[in-house]
Amino acid sequence: MCGIVGYAGTEEACDILIESLKRLEYRGYDSAGIAIWNQGTIRTERKKGKVDELKKAVSDGTFQGSLGLAHTRWATHGTPSERNAHPHRAGDVVVVHNGIIENYLELKKELKKEGHEFLSDTDTEVIPHLIVHHMNKGEAFLDAVSASLKELKGSYALGIIREKERILVAAKKESPLIIGVGNGEYYLASDAPAIIKKTNRFIFLEDNDIAILKDNSLELTNTDGEKIERKIHQVQWSDAMAEKGGYKHFMLKEIFEQPRAISETLLGRAREEEGEIEFEEINLPDVQKINKIWMVACGTSYHACIIGKHIFEANLRIPVETDIASEFRYRDPIISKKDLLIVVSQSGETADTIAAMKEAKRKGAYVLSICNVLGSTLAREADSVIFTHAGPEIGVASTKAFTTQISVIFILMLYLGKRLGVLNSEDIKKHILELKKIPRKMQAILEMAPSVEEAARKYMHRKNFLYLGRGIHFPTVLEGALKLKEISYIHAEAYAAGEMKHGPIALIDEDMPVVFVAPVDQTYKKTCGNMEEVISRRGKIILFTDREDPEMQQRADSCFILPDTIYELQPILNVVPLQLLAYYIANLLGTDVDQPRNLAKSVTVE
Ligand code: AGP
């Protein structure tokens, strides 16, 4: 997820673009670039690192012109560097892009045959070359843009300018892009925070919309060049609110971003038609020879590992051992050269997980990392990496990284299953179909937020919470309890429900809220027994399940019926109301939700 801004007006564009870009830095901050049009010439500048580096490079006042584009990057294809930073150019066409072009390799191959030379490892660079390709065939610029858009597969928010004429073209498909309407000037932005200081009149572009800013006027068309109308929205947002896209906290925003983050993580990988999973980045050794899988991480990422054990063992019948990285690195684990170690991390910089990776590599295991940050240590030093495409996660309490990690683990299982011959294309088609329903089901759960907030208001003053679940729901409740602890500072313990009567049941009385994650599956009846044991000790049950059970619902103090899905994907759905419960309790208690005390977003020390 990157940040794009553009300006077409009468003012000097450079400072406007830099200031607006800075406000989008939470979307990505590994490199940045700018392009300014001035009397038939486009000057560009790109820098590795944060927007301030770029600002220094263009602060000599020579970047003049009242039309331009700028970009701050969150690398998905091509490591963070000046060469891979945007804008990208071909001929006199200059482009900035947010999104993922799935078929860029095929396009690049064809364009290279025509003599196009590529200077970066990005997917984006095919776009200006494709536009030039169409112009070389005699098409007018705007026709060449439309034709190129039709050839692109994937997601894009684009800003396009060219030297030969003073024009700014914007196009959108699946990635967010808005036009800010000023007085005789127009702004382009990935979202409102960038330009809220300039205008609060926005046009929210829709998929396949094209905006043409020329001679300080705006024209909207679709990809067939037909004129279209879009409403101008007046938005009443404060500055602080804008940065969070209207949400009070980054954590809440990131919880609500999960449906999109999962869709983006599947993009270009889960090929339903062919019943195939494709990972560009990985080159695993012969999977037939994998003797054992290890899954190692810290915190929330470790909970994803435990879920991975359930998913892999149930479907691949390969033994999986999970471990907390800070334990793994010192316990001299018995690892063979035939073992696959999977390290999971949002930041890719967690010291204990890096050390665990090095320990396993020292013992000859093959290391695959699942990570959210390109260019991070775990991404660079593992033998292979698969990226979650959650985008930058600013809130210290991890949310969307967790659900995208589980999505990657699930499609990795399908990928390995096919190569081990335990899953065929029909099986995979069926699973991909179910997975692709998750974003919509998650959206339905997010619409239950007000009733979760009500429950939060009811239990916010309790001093202790117990979280219980069986099987794959045990790591889900571990994650729920961790979220509550991290941001509300309330003591919360999670247990496998069957373990309750071996100790924690002693904690239960009328003041103890007990959160149960209990979808109606093979262990539901057993969990109902545990709920009875809690009720008979006057504990307050907060039940999250996936089917009506009037008997239990009536006995529970609060009950939420969530959309159902297959067993392996249940955690992705069931964790969402637990994230919301923790968020609302912390928000009601007034803690610093995004930067809770004593915590850091990336623990780079032991
Ligand atoms: C989770 O909300 C916490 N921020 C923390 O437990 C985190 O999951 C842990 O530090 C691991 O971080 P990583 O995923 O970046 O490696």
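Q: Which residues are exposed on the other side of α16?
A: In this predicted model, helix α16 covers residues 449–459, and Ala449, Val452, Ala455, Ala456 and Tyr459 are buried there. Seen down the axis of α16, these buried residues fall within an arc of 115°, so they line one face of the helix. The exposed residues on the other side are Pro450 and Glu454.

Q: Is glutamate 486 buried or exposed?
A: Glutamate 486 is part of helix α17, residues 473–488. Leaving aside neighbours within four places in sequence, its contacts are Val396, Ala397, Pro596 and Leu599. Buried means under 20% relative accessible area. Because its relative accessibility is 14%, glutamate 486 counts as buried.

Q: How much of the accessible area of the ligand does the protein cover?
A: Ser301, Ser345, Gln346, Ser347 and Thr350 come nearest of the 14 residues around the ligand. A polar side-chain atom of serine 345 lies 2.6 Å from a ligand oxygen atom, and a polar side-chain atom of serine 347 also lies 2.6 Å from an oxygen atom of the ligand. Of the 410 Å² of accessible area that the ligand has on its own, the protein covers 91%.

Q: At what distance from an oxygen atom of the ligand does a backbone N or O atom of glutamine 346 lie?
A: Glutamine 346 is among the residues that come nearest to the ligand. The atom in question belongs to the backbone of glutamine 346, and its distance from a ligand oxygen atom is 2.7 Å.

Q: Which helix gives the most residues to the shell around the ligand?
A: By class, the shell has 4 nonpolar, 8 polar and 2 charged residues. Helices α9 (299–316) and α17 each supply at least two residues of this shell. With 3 residues, the helix that gives the most is α9.

Q: Which residue does a cis peptide bond join to histidine 86?
A: Most peptide bonds are trans. Here omega is about 10°, and the bond is cis.

Q: What is the relative accessibility of glutamine 39?
A: Glutamine 39 sits in the loop between β2 (31–38) and β3 (41–48). Its phi is positive, near 45°, in a residue other than glycine. Glutamine 39 counts as exposed because its relative accessibility is 70%.

Q: What is the phi of asparagine 598?
A: Asparagine 598 belongs to the segment after α20 (570–589). At 76% relative accessibility, asparagine 598 counts as exposed. Although asparagine 598 is not a glycine, its phi is positive, at about 70°.

How values were computed:
Residues numbered from 1 in each chain as written. Predicted model: local features only at pLDDT ≥ 70, side-chain atom pairs only at ≥ 80, totals over all residues. Heavy atoms only, no water. Helix = DSSP H or I, 4+ residues; strand = E, 2+ residues; numbered from the N terminus. Buried < 20%, exposed > 50% of the residue type's maximum accessible area, 1.4 Å probe, protein only. Contact = heavy atoms within 4.5 Å. Near = heavy atom within 4 Å. Polar contact = N/O pair within 3.5 Å; in protein donor to acceptor, adjacent residues only side chain to side chain. Areas by Shrake-Rupley, 256 points an atom, 1.4 Å probe, with all protein chains shown as cover. Nonpolar A, V, L, I, M, F, W, Y, C, P; charged D, E, K, R; others polar. Arc of directions from axis to C-beta.
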